[in-house]
Amino acid sequence: METSFHVNPVWIDLAYLLAACLFILGIMGLAHPRTAVRGNLLGALGMLIAAVVTLLARGLDFGVIVAGVLVGSLAGALLAYKIRMTAMPQMVALLNGFGGGASTLVAGAALAQTASPDLQSSVATAATGLVGAVTFWGSLVAFAKLQEFLVSGRQVLFGGQKALNALLGLASLLCCAWVVAEPTSAAAYCSLVAVASVLGVLLVIPIGGADMPVVISLLNSYSGIAGATSGFVLSNTVLIIAGALVGASGIILSRIMCKAMNRSLTNVLFGVLGPASGAASEDEVYAGKVKATSPEEVAMLLSGARRVVIVPGYGMAVAQAQHAVRSLANLIESKGAEVEFAIHPVAGRMPGHMNVLLAEADVPYDKLKEMDVINPSFPQTDVVLVIGANDVVNPLARTDPACPIAGMPILDVDKARTVVVIKRSLGPGFAGIPNPLFAADNALMLFQDGRKAIQDLIAAVKES
Amino acid sequence: MTLMLLLTIFVLAVFVGFEVITKVPPTLHTPLMSGSNAISGITIIGAILVATSSSGVLTKIAAFVAVAFAMINVVGGFLVTDRMLGMFRRKD
């Protein structure tokens, strides 16, 4: 059954233009938390207009489209409402993947329908197949790693990895050439997608842990690029504009993340982060210098403090400690001290991960300070509470030019009067190096699970 | 439409993207990712276009999966972004 209206193509193009404007206005709205909700709604409105106009113009094929829309909407809504805020990196990884997968299928289906594709659409089809398949499989691997499902979340390394990737990269480029030379050949496109899929899996498998924010940003960018190239396949302007916006967004975010780790994109993607030779061993750094503390002692410190800074890390997300942290912050504030949160750009597993968790726990966003803003204030801070963060507060980054995190901008918590580190053990962070902060004269270690430690602290502060 | 025109649109859109996205503060970077993700679900247009003109069984299946994937992106992306942004707004 089909119902279609005769729509003048000019109206369709105008509607697409309106949709593109709404997308841009929507992202502009994200410039401030106050206008962000409306911005997101404007983006959604743009999407609705573009989709409805397309359906009106092309007729409603109830079989395929309605079924697809129902299944997709249901799955999307379920995901969006059920997902825990701590699992947001997985959610974004999964969404990136579906975007890439959809673009790959669109380009493939368009190819099958065109009798004699011109050079533009065959080149664009090849590009979409390559980028889309890499995005889809790469994102699924990223999801599995973040969920710690089947594969470990850390780095997975095996011999000949680089050579194999280079070979696959070359093979996928050859397949692209095949698609361009023989655009009507289904075998060519299927081979391209198959090779690119393996490449996507192998590119992401070795990357782990603290490098995840870069990978997710990059896959975000790829999903946009695949959308834009599928726009070239169909000669559709709104696809090109929206894809370009998303592509730019992902690239900007990856750049910010790389800068925050003082590493190049190539180093994150292909380099191996290992302990530097000749670096001090854990025993040399920690022996006899680490002071363990108790919740009661920390409570006493907190009751005498005028300024307290909390530094959250991935450990806070793992321990689901954000609500307890908020309660503790409120309690300290009620005793007259000033409390702020110091957010390192790569804390957590995706850009802005800590901000979302603390927002979920009702921490006002103006209490969350960026690294450059809060760093000068540490010498005037009485107590710093580090919760589940390690490499981003490691002073070796400043002092040891040979260590793997050399030159990475860090939060200067060691300059505060007292630093309390809440951590289960002295185990190293992602960079695999000891942290001299833990052995510093002004540092105290509270060895406990994050949430339990905060709850004990709350009880101790209430008693004091 | 000519390739040059489409390419021009693409390049200009990249510039617009860089301009507006650098203004998004780090605190909203996660909603930016999920929101821009929803926008990349614009592939739904492409999916609808191929679904309505497809004839073979295989292309119909591909179109169905493409529509479903793109809708997960659109609905999941916008809803989860709205849910997150609501948390940021509450404190005003």
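This is a predicted model. I start in chain B, with two helices that touch. On the H3 side, the residues in contact are B:Thr43, B:Ile44, B:Ala47, B:Ile48, B:Val50 and B:Ala51. They meet B:Lys60, B:Ala63, B:Ala66, B:Val67, B:Ala70 and B:Met71 of H4(B). Sorted by class, the contact of H3(B) with H4(B) has 10 nonpolar residues, one polar and one charged.

Now the geometry. Two packed helices are described by the angle and the distance between their axes. H3 of chain B covers residues 43–53 and H4 of chain B covers residues 57–89; their axes come within 9 Å and cross at roughly 160°. That angle makes H3(B) roughly antiparallel to H4(B), because anything over 145 degrees is put in that class. The crossing of H3(B) past H4(B) is left-handed.

H3(B) also packs against a helix of the other chain, H2 of chain A, residues 33–58. Here too the axes come within 9 Å, and they cross at roughly 10°. H2(A) is therefore roughly parallel to H3(B), and it passes H3(B) in a right-handed crossing. From H2(A), the residues in contact are A:Met47, A:Ala50, A:Ala51, A:Thr54, A:Leu55 and A:Arg58. From H3(B), they are B:Ile44, B:Ile45, B:Ile48, B:Leu49, B:Thr52 and B:Ser53. By class, the contact of H2(A) with H3(B) divides into eight nonpolar residues, three polar and one charged. B:Ile44 and B:Ile48 are listed in the contact with H4(B) and again in the contact with H2(A).

Next, chain A as a whole. How many helices and strands are there in chain A? Chain A has 18 helices and six strands. Its radius of gyration is 25 Å, close to the 23 Å that the globule rule gives for 464 residues, so chain A is as compact as a globular protein of that length. Along the principal axes, the C-alpha atoms of chain A fill a box of roughly 75 × 50 × 35 Å. Of the 464 residues, 58% count as buried. Among contacts in chain A with a separation of 6 or more, 80% are between residues 24 or more positions apart.

One helix of chain A is mostly covered: H15, residues 353–360, has seven of its eight residues buried. The buried ones are A:His353, A:Met354, A:Asn355, A:Val356, A:Leu357, A:Leu358 and A:Ala359. After H15(A) comes A:Asp362, with a positive phi near 70°.

A:Leu328 sits in H14 of chain A, residues 322–334. Is A:Leu328 buried or exposed? A:Leu328 counts as buried, because its relative accessibility is 0%. Leaving out residues up to four places away in sequence, A:Leu328 touches A:Leu385, A:Ile454, A:Leu457, A:Ile458 and A:Val461. The C-alpha atom of A:Leu328 is separated by 33 Å from that of A:Gly407, 79 residues apart along the chain.

Last, two loop residues. A:Ser235 lies between H8 (212–234) and H9 (237–261) of chain A, and its phi is positive, near 50°. A:Ser235 is partly exposed, at 30% relative accessible area. A:Gln320 lies in the loop between H13 (314–318) and H14 of chain A. Phi of A:Gln320 is also positive, near 50°, and A:Gln320 is partly exposed, with a relative accessible area of 21%.

Technical notes:
Residues are numbered from 1 along each chain as its sequence is written. Chains are lettered from A and ligands numbered from 1 in the order in which they are written. This is a predicted model: local features need pLDDT of at least 70, side-chain atom pairs count only at pLDDT 80 or more; totals for chains, interfaces and linings use all residues. Side-chain values use heavy atoms; hydrogens and water are left out. Axes are lines fitted to C-alpha atoms, for helices over the stretch in contact, and angles run from 0 to 180 degrees between N-to-C directions. Helices (H or I, at least four residues) and strands (E, at least two) are DSSP runs, numbered from the N terminus. Angles under 35 degrees count as roughly parallel, over 145 as roughly antiparallel, 65 to 115 as roughly perpendicular and the rest as oblique. A crossing is left-handed if the near helix is turned anticlockwise from the far one by less than a right angle, and right-handed if clockwise. Contact means heavy atoms within 4.5 Å. Ala, Val, Leu, Ile, Met, Phe, Trp, Tyr, Cys and Pro count as nonpolar, Asp, Glu, Lys and Arg as charged, and the others, Gly among them, as polar. The radius of gyration is taken over C-alpha atoms; the globule rule is 2.2 Å times the number of residues to the power 0.38. Buried means under 20% relative accessible area, exposed over 50%, partly exposed in between (1.4 Å probe, protein chains only).
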